[in-house]
Amino acid sequence: MDGHEFLAERFEGNRNQLKAVAYRMLGSTSEAEDAVQEAWIRLSRCDDRAIENLGGWLTTVVGRVCLDMLRSRRSRREEPLDTGVPEEHASGPDLGDGPGADPEQQALMADSVGIAMLVVLETLEPVERLAFVLHDMFAVPFDEIAGVVDRTPAATRQLASRARRRVQGVEPAPDPSLARKREVVAAFLAAARDGDFEALVAVLDPDVVVRSDIGADRVGAPALVRGAEAVARQALMFAPFARSAQHALVDGEPAVIATREGRRFSVMVFTVARDKVVEMSVIGDPARLPGLDLTVLND
């Protein structure tokens, strides 16, 4: 097998994921195929030996292609949303006849999203849609999405948060001031220190989400937790760290630094809306911690 064939095989292993991303972004199976084809073209023209994570690289490339297509669509005021069973669309001569070209698979993909969801996604701005789809549906970290939408990770987090509220049928409220956000975070820490479950639930949005890159082997906690009560139960385990946590800012957003034996253990970044914590990102990967735009606060 030569280098081109090996690269094509690796690409095929990511095809269904890429089509799923593109379909949720574009709402059209034919345009999704076009976006995936463009990703293959870009991959075949670059030095793949420099790509450490091919799946992540391809996902961000497809996201970038879809963002350009959405912006072009908005400028032409076109609405190519599929409203029935997706049509068969050939995958192109360079990609072969893989499973992604199967109309049955395309129909299953459409059913898994739902026309209602696609209609809601159509109401979002392109950058909001990209941030929401990549992060909430495919767990792409905000720092990777930020490079696609040309925003800071904190601004990208806000894009996804606004999109999430619109998808849930809640009109976005004006962003609270940084001072108010810090008050909410302080209330969360105080409740965690005191082991006050009810106070923790009160400061959390009912649909709060916690994402962590630490892993179960380090803290015994899952990577994704949803819901105020589940998050509050996990926060009670954080109490020993909350007592010595330092307040900080990460990309301008409130955060806390947890230490253990005098060493930085993790950083928790908060997203606050409507005076509630709506999302927390727990960063504990030693490879990521040094790269954070972090400002330690002295109060």
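How many residues of the lining of the largest pocket are nonpolar, how many polar and how many charged? The lining divides into 11 nonpolar, 4 polar and 9 charged residues. Here Ala, Val, Leu, Ile, Met, Phe, Trp, Tyr, Cys and Pro count as nonpolar, Asp, Glu, Lys and Arg as charged, and the others, Gly among them, as polar.

This is a predicted model, in which local features need pLDDT of at least 70, side-chain atom pairs count only at pLDDT 80 or more, and totals for chains, interfaces and linings use all residues. Residues are numbered from 1 along each chain as its sequence is written, and side-chain values use heavy atoms, with hydrogens and water left out.

**View 1. The whole chain.** The protein chain holds 13 helices and 7 strands. Both are DSSP runs numbered from the N terminus: helices are H or I with at least four residues, strands E with at least two. Of its 299 residues, 49% are buried, meaning under 20% relative accessible area; exposed means over 50%, and partly exposed lies in between (1.4 Å probe, protein chains only).

**View 2. The largest pocket.** The space in this pocket is about 530 Å³. A pocket is an open set of points on a 1 Å grid over the protein atoms alone, where a 1.4 Å probe fits, with protein on both sides within 12 Å along at least five of seven lines; lining residues have an atom within 4 Å of a point. Points are joined across faces, edges and corners, and the volume is the space filled by probe spheres set on them. The lining counts 24 residues, and His135, Pro141, Phe142, Ser281 and Arg288 are the closest to the pocket centre. β6 (276-283) gives the largest share, 3 residues. Elements that each supply at least two include α6, α7 and β1 (204-212).

**View 3. Two nonpolar cores.** A core is a set of buried Ala, Val, Leu, Ile, Met, Phe, Trp, Tyr and Cys residues joined through side-chain atoms within 4.5 Å. The largest has 43 residues, and Phe11 and Leu43 touch the most other members. α1 (3-26) is among the helices that each supply at least two residues. With 10 residues, α1 gives the most. A second, separate core of 29 residues includes Phe188, Ala245, Phe270 and Val282.

**View 4. Two loop residues with positive phi.** Most residues other than glycine have a negative phi. Ala139 has phi near 55 degrees. Ala139 sits in the loop between α6 (126-137) and α7 (142-149) and is exposed, at 58% relative accessible area. Asp150 has phi near 60 degrees. Its loop joins α7 and α8 (153-167), and Asp150 is exposed at 68%.
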